[in-house]
Amino acid sequence: LTQSGWSESGKGVAAAAAFQSGILALMAGILAWRGATLAGLGLRPSDFRRRGPAALKSYLMALPVLLLLMLTSVPIMQTLGGLFGFAIELQAQKTVLIVTCVDLPAWVRWCQALSAMLLAPAMEEIFMRGFFYGACRHHIGWMQALLLNGILFGLMHGDPVRFLPLTALGMLLCLLREWSGGLAAPILVHIIHNSLLLGLVVAGS
């Protein structure tokens with residue numbers, strides 16, 4: 001990208017972070033208006049401390065499966081693409097490009113990293129495992145809601161190559177929501193997952 005392109009990227013990163021923060025504030029306002037409490041959502045500081053060790057253990061147990069899906073996703077999707085007549089292109093994620101670009105100002109890279117590691121997981125969990133999973137679970141049962149939630153979580157990222165591992169991650173996060181009865185465990189695991197992957201990419205670059 002040109003310097004002007006990176007300048008526009010910096011503005012885009014700031015705008016995206018502001019948008020995510022605004023969405024979080026909006027969802028918090030809706031929940032408060034509906035009478036939801038931190039205790040009811042499982043989002044008290046004590047919930048994070050109490051659920052943290054078990055959530056981390058669950059993630060570490062599932063990590064080999066997630067890594068296997070990441071490694072095999074490309075050939076699987078390319079094979080499916082050949083069978084059904086669609087092309088799969090490997091593209092670097094914008095987050096990775098921005099965080100690893102030393103030509104960008106440090107604040108832009110940090111803003112993008114924090115957005116990917118903190119804001120995005122919190123926003124996605126409150127919506128996907130809070131609003132959406134809760135509504136689906138009420139109408140179609142928890143197993144069907146878990147499967148639907150995982151598939152939509154994979155689709156919403158818009159990357160066919162990452163569809164399988166993201167679907168599996170979405171289902172794991174639903175299981176954590178079901179097991180813990182709150183959102184602290186899925187938020188923690190989502191933060192750990194994003195931070196781990198981004199850290200590995202930055203270290204590798």
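**Exercise 1. In what order do the elements of the protein chain run from the N terminus on?**

Start by noting that you're looking at a predicted model. Next, tally the elements: the protein chain has eight helices and zero strands. Reading from the N terminus on, that gives α-α-α-α-α-α-α-α.

**Exercise 2. Work out how α6 and α7 are oriented to each other.**

Step one is to find the helices: α6 covers residues 142-156, and α7 covers residues 163-180. Two packed helices are described by the angle between their axes and the distance between the axes. Here the angle is about 140° and the axes lie 7 Å apart. That angle makes α6 oblique to α7, because roughly antiparallel would take an angle over 145 degrees. Last, check the handedness: α6 passes α7 in a right-handed crossing.

Now for the residues that touch. On the α6 side they include Trp142, Leu146, Ile151 and Phe153. On the α7 side, Phe163, Leu166, Met171 and Glu178 are among them. Sorted by class, the contact of α6 with α7 has twelve nonpolar, five polar and one charged residues.

**Exercise 3. Describe the protein chain as a whole: burial, surface and contacts.**

Take burial to begin with: of the 205 residues in the protein chain, 37% are buried. The protein chain exposes about 11,300 Å², and 70% of that comes from carbon and sulfur atoms. Finally, look at contacts with a separation of 6 or more: 69% of them are between residues 24 or more positions apart.

Note on methods
Residues are numbered from 1 along each chain as its sequence is written. This is a predicted model: local features need pLDDT of at least 70, side-chain atom pairs count only at pLDDT 80 or more; totals for chains, interfaces and linings use all residues. Side-chain values use heavy atoms; hydrogens and water are left out. Axes are lines fitted to C-alpha atoms, for helices over the stretch in contact, and angles run from 0 to 180 degrees between N-to-C directions. Helices (H or I, at least four residues) and strands (E, at least two) are DSSP runs, numbered from the N terminus. Angles under 35 degrees count as roughly parallel, over 145 as roughly antiparallel, 65 to 115 as roughly perpendicular and the rest as oblique. A crossing is left-handed if the near helix is turned anticlockwise from the far one by less than a right angle, and right-handed if clockwise. Contact means heavy atoms within 4.5 Å. Ala, Val, Leu, Ile, Met, Phe, Trp, Tyr, Cys and Pro count as nonpolar, Asp, Glu, Lys and Arg as charged, and the others, Gly among them, as polar. Buried means under 20% relative accessible area, exposed over 50%, partly exposed in between (1.4 Å probe, protein chains only). Accessible areas come from the Shrake-Rupley method with a 1.4 Å probe; for residues, only the protein chains shown count as cover.
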